[in-house]
Amino acid sequence: MDSLRGQGGIQMLLTAEQEAGRIVSAARTAKLARMKQAKDEAEKEMEEYRSRLEEEYQTQVSGTDQEAAAKRLDDETEARIKNLKESSSKVSKEIVKMLIKYVTTTGA
């Protein structure tokens, strides 16, 4: 009777061992699936972050280029206005004299 009981106990242990093996295997599979999912999510987040940083950088660079172009254009405009004022102040006296001469002389 003890031998039957011993064999039944061994059979229970083998069954329990197989069940434990299946549980461990399922746990490993689930763990690998979670790790893969976490890795995929992390890669997606990294790509989104990288894209956002690149977009911010491009916006900043283009903004700087536009600001520089606007400043250069303002500087050029101011320089041209200054040159025109200087030129007009030099010739304005001569133009006034010429106008007075033509207005005061009679065409006889």
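This is a predicted model: local features need pLDDT of at least 70, side-chain atom pairs count only at pLDDT 80 or more; totals for chains, interfaces and linings use all residues.

Visitor: How many helices and strands does the chain have?

Guide: Helices (H or I, at least four residues) and strands (E, at least two) are DSSP runs, numbered from the N terminus. Here the chain has 1 helix and 0 strands. I95, for example, lies in that helix, α1, which covers residues 2-104.

Visitor: What does the radius of gyration of the chain tell me?

Guide: The radius is taken over C-alpha atoms, and the globule rule is 2.2 Å times the number of residues to the power 0.38. A compact globule of 108 residues would come out near 13 Å, but this chain has 46 Å. Its C-alpha trace spans about 155 × 20 × 5 Å along the principal axes.

Visitor: What share of the residues counts as buried?

Guide: Buried means under 20% relative accessible area, exposed over 50%, and partly exposed in between (1.4 Å probe, protein chains only). Of the 108 residues, 0% count as buried.

Visitor: How many salt bridges are there?

Guide: Side chains of opposite charge can pair when their charged atoms come close. The cut-off is a side-chain nitrogen of Lys or Arg within 4 Å of a carboxyl oxygen of Asp or Glu. The structure holds 5 of them. Among them, R22 meets E19 at 2.8 Å, N to O; these two lie 3 residues apart in helix α1, about one turn. D75 pairs with K71 at 3.5 Å, and E76 with R72 at 3.3 Å. E76 and R72 are separated by about one helical turn because they are 4 residues apart in helix α1.

Visitor: Which residues make the nonpolar surface patch?

Guide: Patches are made of residues with over 30% relative accessible area and no salt bridge; like charges are joined within 9 Å, and nonpolar side chains (Val, Leu, Ile, Met, Phe, Trp, Tyr) within 5 Å. Areas come from the Shrake-Rupley method with a 1.4 Å probe; for residues, only the protein chains shown count as cover. V91, I95, M98, L99 and Y102 make a patch of about 490 Å². I95 counts as partly exposed because its relative accessibility is 41%.

Note on methods: Residues are numbered from 1 along each chain as its sequence is written. Side-chain values use heavy atoms; hydrogens and water are left out.
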